[in-house]
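Please look over the chain shown here before reading the notes that follow, which are grouped by topic and are meant to be checked against the coordinates.

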Amino acid sequence: MNLYTRFLRSLVLPLGSRLAGYGDVMPTLRRLEASQWWSMDELRALQNQKLRRLITHVYANVPFYHDWMDQAGVKPEDIQTTDDLVKLPIVDKHVLTENYPDIIRDHSIPKSKLVPAASSGSTGERLHYWTTKSQKAKKWAGLFRWWEMVGYEFGKPYGTFRLTPNRGLLGWPILEHLEWRMLRHVWLSAEEMTDDILLEYVQRLQRTKPIMLRSYASTVYYLARRMLNLGIRVPVPSILTTGETLTPNMRAAIEQAFAPGVVTNEYGGEGMQIAAECELHDGMHINAETVFVEIVRDGQRLPDGELGEIVLTNLDATAVPFIRYNIKDVGSLNNVPCACGRGLPRLAHLEGRLTDMFITPDGHWLTVHQFSGFFEHISSVRAFQVIQKAVDEILIKLVVDEQFSEADQQRIVDTFRRYLGANNHFTLEFVDEIPTTPAGKRRFFISEIIQGTGNTLGGDETQESS
Ligand SMILES: [Zn+2]
């Protein structure tokens with residue numbers, strides 16, 4: 001660890017984060033850096049200890065979970081280990097939404113300390129929940145530990161590639177400048193991606209030489225395709241992807257464009273850093289100090305190696321507890337120790353978080369993150385679905401509630417006119433509900449013009465969004 005990294009770690013980051021109310025970041029990171037090397041038994045003991053504390057606390061302070069346990073005939077003392085969790089029913093987004101904002105929250109936390117949060121998940125229907133600065137700090141500590149697994153140290157240059165504007169690290173105004181200058185962070189953001197902008201980004205990457213580039217998988221995949229088509233390559237040692245399923249084809253294209261760089265994938269959701277690949281890329285290490293993962297099918301817990309629905313218990317969060325929460329993704333578990341030496345169990349496979357991305361003929365990008373990010377701020381929109389009808393024609397289906405106003409509509413029209421550019425048409429259609437697929441999934445991004453071959457992404461692996 002060099003002197004500058006040490007200076008940031010021991011002085012700047014602890015001070016800056018404490019001032020912003022996120023004082024838990026660095027102490028948590030230090031604990032996680034140590035505990036990743038514990039044995040699986042030691043980690044299991046920690047999980048059980050945290051689980052007992054969580055269940056006791058939640059039973060006393062969260063009305064929904066109190067009733068939920070009573071109805072299941074389970075007392076806090078019946079839950080001693082993570083094996084006992086099967087005594088409790090599984091919850092999902094609908095259950096939590098029905099009990100939001102009050103019945104589902106931790107009444108021991110003053111309301112002034114609760115931070116509203118929303119996630120779109122993989123179904124396009126938003127989940128609202130409460131979090132706290134402490135919980136967010138712990139999530140960031142999990143992310144920082146992952147970055148460190150692939151060679152990052154504070155102070156080394158890194159980049160973020162996104163389609164949304166920069167809100168600063170952790171959204172702290174005080175750290176926004178610190179982030180850019182002291183942490184040597186390059187932010188590449190664009191709502192449109194013309195060849196000129198792309199070339200400018202490539203030059204910035206060549207000049208600033210980030211050791212890692214963070215992005216949603218589909219976003220950086222698209223950038224990589226464009227670069228390869230234009231014959232451009234930029235070496236970036238680590239490309240960190242998150243947000244959706246990363247297919248082998250996507251990984252190969254990204255690694256080609258940023259050669260000799262290596263892609264490392266992460267999985268998060270509902271305010272949790274859930275799992276991430278280590279430097280060996282053999283499955284994803286679960287952030288087991290915080291998240292307990294079960295794989296379930298037809299309500300039954302499955303053994304290691306079998307594919308099923310991912311059911312999560314957040315061992316730290318109480319603002320809105322996530323206990324046996326079905327996140328509606330599909331994966332399998334691997335409890336064989338990884339050759340890297342970390343005791344953290346792994347997700348062997350992760351399927352079903354694939355999202356599509358559209359590109360209009362004049363170079364405007366459309367991703368699901370753009371839409372979900374935008375609609376998160378319009379609370380009267382309950383659900384949405386975007387359909388590309390023709391190469392220059394987009395249909396946006398909206399389910400709205402009675403609060404929906406003329407001003408909301410104007411905001412949507414203005415924003416999407418900007419997103420789509422002058423040469424593309426879009427229509428808003430108000431519907432009662434967004435239909436689900438035969439498999440019961442609600443797709444929120446559908447391209448009717450991409451039929452398996454010859455699409456603008458040059459591959460057929462991004463067909464099925466889920
Ligand atoms: Zn490993």
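The chain holds twelve helices and 20 strands, and of its 466 residues 40% count as buried.

**Cis peptide bonds and positive phi**

- A cis peptide bond also runs from Tyr-100 to Pro-101, with omega near 5°, and Pro-101 belongs to the loop between helix 5 (93–98) and strand 1 (115–119).
- Lys-209, in the loop between helix 8 (195–208) and strand 5 (212–216), has a phi near 45°, which is a positive value in a residue other than glycine.
- Lys-209 is partly exposed, because 15 other C-beta atoms lie within 10 Å, a number between the limit of 12 or fewer for exposed residues and that of 20 or more for buried ones.
- Glu-270, placed in the loop between strand 7 and strand 8 (272–276), likewise is a residue other than glycine with a positive phi, in this case near 50°.
- Is Glu-270 buried or exposed? Glu-270 counts as buried, since there are 21 C-beta neighbours inside 10 Å and the cut-off for burial is 20 or more.

**The loop position of Ile-109**

- Ile-109 lies in the loop between helix 5 and strand 1, the loop in which Pro-101 is also found.
- With 15 other C-beta atoms within 10 Å, Ile-109 is classed as partly exposed.
- Not counting residues up to four places away in sequence, Ile-109 touches Leu-114, Thr-132 and Ala-319.
- Although 48 residues separate Ile-109 from Asn-61 in sequence, their C-alpha atoms are 9.0 Å apart in space.

**Helix 12**

- Helix 12 comprises 15 residues (residues 406–420), which at 1.5 Å a residue should span 21 Å, and the C-alpha atoms at its ends are 21 Å apart, in agreement with that expectation.
- Which residues of helix 12 are buried? They are Ile-412, Tyr-419 and Leu-420, and because these residues fall within an arc of 80° when seen down the helix axis, they line one face of the helix.
- An α-helix has 3.6 residues a turn, so residues three or four places apart point the same way.
- The exposed residues on the other side of helix 12 are Glu-406, Ala-407, Gln-410, Asp-414, Arg-417 and Arg-418.

**Strands 10, 11 and 12**

- Strand 10 (residues 291–297) runs antiparallel to strand 12 (residues 308–314), to which six bridges join it, and within this pairing Ile-295 stands opposite Ile-310 in strand 12.
- Strand 10 also pairs with strand 11 (residues 300–301) in the antiparallel sense, over two bridges, and Arg-297 has Gln-300 in strand 11 as its bridge partner.
- Strand 10 and strand 11 form a hairpin with two residues between them, and Asp-298 in the turn has a positive phi of about 50°.

**Nonpolar cores and contacts**

- The largest nonpolar core has 86 residues, of which Val-220, Ile-254, Val-291 and Leu-312 touch the most other members.
- Apart from this core lies another, of 13 residues, including Phe-371, Ile-378, Val-381 and Phe-445.
- Leaving aside neighbours within four places in sequence, Val-291 is in contact with Met-272, Ile-274, Ile-286, Leu-312, Asn-314 and Leu-315.
- Among the contacts in the chain with a separation of 6 or more, 70% are accounted for by residues 24 or more positions apart.

**Confidence**

- The mean pLDDT of the chain is 84, with 84% of its residues reaching 70 or more.
- Over residues 450–466, by contrast, the pLDDT is below 50, and this stretch has 26 contacts in the model beyond near neighbours in sequence.
- Where pLDDT is low, the predicted coordinates should not be read in detail.

Definitions and conventions. Residues are numbered from 1 along each chain as its sequence is written. This is a predicted model: local features need pLDDT of at least 70, side-chain atom pairs count only at pLDDT 80 or more; totals for chains, interfaces and linings use all residues. A nonpolar core is a set of buried Ala, Val, Leu, Ile, Met, Phe, Trp, Tyr and Cys residues joined through C-beta atoms within 7 Å. Two residues are in contact if their C-beta atoms, placed from the backbone, lie within 7 Å. Helices (H or I, at least four residues) and strands (E, at least two) are DSSP runs, numbered from the N terminus. The expected span of a helix is 1.5 Å times one less than its number of residues. The arc is that of the directions from the helix axis to the C-beta atoms. Two strands pair if DSSP finds at least two bridges between them. pLDDT is the predictor's confidence in each residue, from 0 to 100.
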